[in-house]
Amino acid sequence: MNRRTLSQIARAITLAMLAVVALSASPPKPIHPGGTNAPVRIAIIADHYTVEQEFDYDVENFVKYGVLADAFYKQYGANSMNITSYYDATPAGQDSRFGFEIGAGDGVCAVKAPDDVLSKLMAATAAATVLPTHYVVIGNHPYNIGCTKGQWSYIAVDAVGTDVFQHELGHLVGLLFDEWKLPSNGGASHPGLISDQFNCAPKQGVTTPTGTAGPPYWMNYPAKFPGAQALDGCDLYAYGVVHAFDHCRMGAVNHRNFCLVCQEAMKKGFGYVASTPPPITPSLMASHAPTSPSGFRIVNAAFVTSAPAVQETTNPPRPVMRVLVEFDPANSEAGRRLGAKQRIFATSVYVPNHRRAGEYLYEISDNNGVRDVGIIPDAMLKSRSFQGGPHTTGPAGPVQLFLDLPNEDAKSANLANRNLKVIVYRIPRTVTDPIITKSVWAELQKNPNHKFEKVTEMLLPPAEPPK
Amino acid sequence: MLPVRLTLVAVAAIGLGGYYTDSIQPQSTRLEIEINGGFAYIPSPNERTLFVAYLNDVLEKQDTDNLPGTPDEVVCDVPQVGTELMVVRGVVDAYQGSQPMPESRIFNLDEAKVTFPRLGGAHPATNRSPWKPVPPKTAGHSDPAWKNLQYVPRIADHPGLTNRKIINGWKTDTKVNGFMALRGGTLEGMTPSDPVAEMAQFEFKSGTLSTLVSTTDRTIYRVNVPDDNVDIRFTDSAQGYKRLVLKPNAPGEAVRLRLRGLHAMNTPPKDGDELRDFCAFHSLLTPRVDAKDYVRIFYKAPPRPPSGAGMPSPGFYCSGDWF
């Protein structure tokens, strides 16, 4: 082999390396550290960008000059939010690398997501050093729109400078409803709220599964919610439901503040009124050092930043196994209602949702008993499918969502004969507790007045689930 | 090897070349302003200026029944929410005002007259075909068809109203809240801010005439400012803003601003709803337009694909008017 040949090989290798670098995603960028154990961890993901610098500018506009310049978020959210951005270019000719379709949508959202969007977002954040709890996709399309479903939001770039991001975080973090009315719902009454602990409540006198609705809960706390009323309309319906204030960013008119009722829900979302997570139980774990399962990447949650961080000692990072599941409660075969698609391991803050934000509760258990419980927010299942009539609540089809299992690393999860499983129950409306923790759940099960329907059960095999 | 003397000459020449470049070649900064919302576009050839005006609340009453004893009827009631100027790209080099600069870099333009002292030259170039029914545009952000300013409605294009002019003294009229003055550069139409509106049609009704057209609520102004920064002056700002100087984030990049009119429309319209705010522009015309002759715009929803889900952001858009 002569010198020229070596030179050509070296050049080819260099070009190949450059090509690999050009094609690979940029590393995650810490945008706002928040507390190191921030319960709300937002991944901002680029879509339809070709220039990383443009994405960085837009992220700065949405975060630094947007949400963090907002008085409420600055006071209550700054220490509770960890924000990281993820850039990767979208190939030429594609409107979205995730399959989002921009257009007329269904009359509700002007953007439509593919069914497996969470799986794609999970892959896009595979290099995460912090396990995201919420995904915000910034679409580089010249529109002023936003849409939220379950754990993700899509915001088009020209919504910058508006209140769209702050409004969508109201859905994501506070599990808040829209307080405006969709004209297309016409005179139809709301089909029924699962929970009235947020910013919508049944109108007084409306028949509910638990009896005739009284005044909305906020009317019972005049000191906490001074000036609150029972104003017609909420959750896109004009009738059968009420909201509390006519000035709120969850409403339709330009009001760039949360009302007092929504503020309370947001504070809960930010963990200011948090239920206590279970203690770390190292005895179960074979090792604190996560080990890579074959075919999937380990992510460590050590968030490295030069900015000072607020240390929260009540909920330290721990091993967490995140399982991407497909939940199809309407499936006629109980065994097919819940299936694992992917899983990752991380050392991260564990923030279970104990808020009664939906009708399904999942219980994590093994041979040692119940490990923890969580609620699947109704917002993840609610279909806004709209074709001329009123939209309906309830599952319209399989949805993907994440279930986080605390104190599990790759070795513990792979131990055989543990009988590690997830059981999903439907919570009857006789249960009115706004917070359902493991201890509350134990008490509720003892109460013969509550009939819990076991929806499905899924054994978590000690191996990587099929993708 | 070059002789030493020649090398010195070469160095001197390079140095002079550098000096020449720095001192003679004019510096310029690209400025782009996206104008989004229900503004009054008022060309003023004599002043070589295009004014983009924002209105105060409009409450127009007219004697619609010609009966002297009856009260006048409200024919147009448009509460104004506000107008904002946002810095989308650029670094703040200087700011003067009686209040601290907004942390969000969004400036409330209440009562402000916004000017750019370094802009000069001709009236901005505007490509606007005479109004005619135009077919709806399909969604697609790269579609250049929106560039034509014919997609910005113009009341005075409609039969029976072609003799209408902007009222004299409009700049100080109580109907006008403030304006931005633009000189030089170009103004073009832009894709509507909402993809639903982009695919929708709008029915313009004037008297007995009815026409289906597309409209946009956005335009974009581009100009090269002959300086290394963009100097913005605020006169009569209710917020106390006086001056804002911006530089590009990086050499060669544009300073980008967004002038945004807020609107009070509660929810997206449903098929057949009137975009009621548009009536406000009639109040700026002379001779006065009778309410029965108003140009009214009705929303015609696009066909909906069969599926989709989620929780959307509320709101819709207001188109401007060309005077």
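A contact here means heavy atoms within 4.5 Å. With that in hand, hello everyone, and let's look at chain B. In chain B, 79% of the contacts with a separation of 6 or more are between residues 24 or more positions apart.

Some ground rules: this is a predicted model, where local features need pLDDT of at least 70, side-chain atom pairs count only at pLDDT 80 or more, and totals for chains, interfaces and linings use all residues. Residues are numbered from 1 along each chain as its sequence is written, chains are lettered from A and ligands numbered from 1 in the order in which they are written, and side-chain values use heavy atoms, with hydrogens and water left out.

What helices and strands does chain B have? There are two helices and 23 strands, taken as DSSP runs (helices H or I, at least four residues; strands E, at least two) numbered from the N terminus. Of its 323 residues, 49% are buried, meaning under 20% relative accessible area with a 1.4 Å probe, protein chains only.

Now the nonpolar cores: sets of buried Ala, Val, Leu, Ile, Met, Phe, Trp, Tyr and Cys residues joined through side-chain atoms within 4.5 Å. The largest has 57 residues, and Phe270(A) is among those with the most contacts inside it. Leaving aside residues up to four places away in sequence, Phe270(A) touches Tyr76(A), Met81(A) and Val173(A), among others. A second, separate core of 41 residues includes Tyr143(A) and Ile297(B).

Finally, confidence: chain A averages a pLDDT of 80, on the predictor's scale from 0 to 100. Helix H1 of chain A is lowest in that chain, at a mean of 47, while helix H2 is highest, at 97.

How values were computed
Buried means under 20% relative accessible area, exposed over 50%, partly exposed in between (1.4 Å probe, protein chains only).
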